[in-house]
Amino acid sequence: LQRVGRGYFARKRALEALLRNLKMFHQAAFTIQTAFRSHLRRRARRKKRMAFQDRQNRAALLIQALFRGHVGRNVARERWREYLRQKAAATKIEALARSFLTRRRLQRRVADVVKVQCVVRRHAAQLLLARMKEQKKMAYYAEKEPQLVKIQATFRAWFTREWFKANRVYLEIARTRRTVRRTLSLLGPVPTVPTDAQ
């Protein structure tokens, strides 16, 4: 009976030790499982967090890229508009400068043409005036010529008469001299009379 009792108690103690070991194993397994599950959960959460952060980063990068593209397009569009405005302004300034230079060249040419026209018209007017004066003078002389000729003839006759009257003595002396010379030339050379000195 003792042997049976001892066996029973031994089996009971062995069973209790086994149960304790099993319980301890179960507790250890539970702890390990809990730690592993928490580790898996943490890893899953980390993966999810990293995936979320990755998605957020990609979304942020995409948003930044879109925003930068939008800003860049706006800046490029504004620069293009500014370039077009500057080009239009430059074209307008060039057109104004060309029109100003063209007008100034045209004004100079018109002034030159006007000067040439003035010179030509003045010359033509001078020629016309000279021709008119000449025609007027010729008409005047043609009208007054008989009277002028008569006056000139009367004056010349009077002047000749007065001159002959004033120079009658000199004319007589000159006529006498001519007569004497003619006579002497007809007689030949005049003989020289010797003087006492010779």
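Lys-47 is exposed, with a relative accessible area of 54%. I began with this residue, bearing in mind that the model is predicted. I placed Lys-47 in helix α1, which covers residues 2-166.

A patch of positive charge on the surface brings Lys-47 together with Arg-37, Arg-41, Arg-42, Arg-43, Arg-45, Arg-46 and Arg-49.

**Overall form**

I counted secondary structure. The protein chain has two helices and zero strands. I then checked the radius of gyration. The chain has 77 Å, whereas a compact globule of 198 residues would have a value near 16 Å. The C-alpha box, taken along the principal axes, is roughly 240 × 65 × 25 Å.

I looked up burial as well. Buried residues are 2% of the 198 in the chain. The exposed surface comes to about 19200 Å², with 63% supplied by carbon and sulfur atoms.

**Charge count**

**Salt bridges**

How many salt bridges does the structure hold? I found four.

I took Arg-58 and Asp-54 to begin with. Their side chains meet in a salt bridge at 2.3 Å, N to O. Both residues lie in helix α1, four residues apart, about one turn of the helix. Arg-58 is partly exposed at 46% relative accessible area. Asp-54 is partly exposed too, at 35%.

I moved on to Glu-94 and Arg-98. This salt bridge has an N to O distance of 3.8 Å. The cut-off is 4 Å, so the pair counts. Are the two partners buried or exposed? I read Glu-94 as partly exposed at 42% relative accessibility. Arg-98 counts as exposed, at 54%.

I finished with Arg-85. Arg-85 forms a salt bridge with Glu-78, and their closest N and O atoms are 3.4 Å apart. Arg-85 is partly exposed at 43% relative accessibility. Glu-78 is likewise partly exposed, with a relative accessible area of 41%. I also noted Glu-82 here. A network of salt bridges links Glu-82 with Glu-78 and Arg-85.

Technical notes. Residues are numbered from 1 along each chain as its sequence is written. This is a predicted model: local features need pLDDT of at least 70, side-chain atom pairs count only at pLDDT 80 or more; totals for chains, interfaces and linings use all residues. Side-chain values use heavy atoms; hydrogens and water are left out. Patches are made of residues with over 30% relative accessible area and no salt bridge: like charges are joined within 9 Å, nonpolar side chains (Val, Leu, Ile, Met, Phe, Trp, Tyr) within 5 Å. Accessible areas come from the Shrake-Rupley method with a 1.4 Å probe; for residues, only the protein chains shown count as cover. Lys and Arg count as positive and Asp and Glu as negative; His and the chain ends are not counted. The place of a charge is taken as NZ of Lys, CZ of Arg, CG of Asp or CD of Glu. Buried means under 20% relative accessible area, exposed over 50%, partly exposed in between (1.4 Å probe, protein chains only). The radius of gyration is taken over C-alpha atoms; the globule rule is 2.2 Å times the number of residues to the power 0.38.
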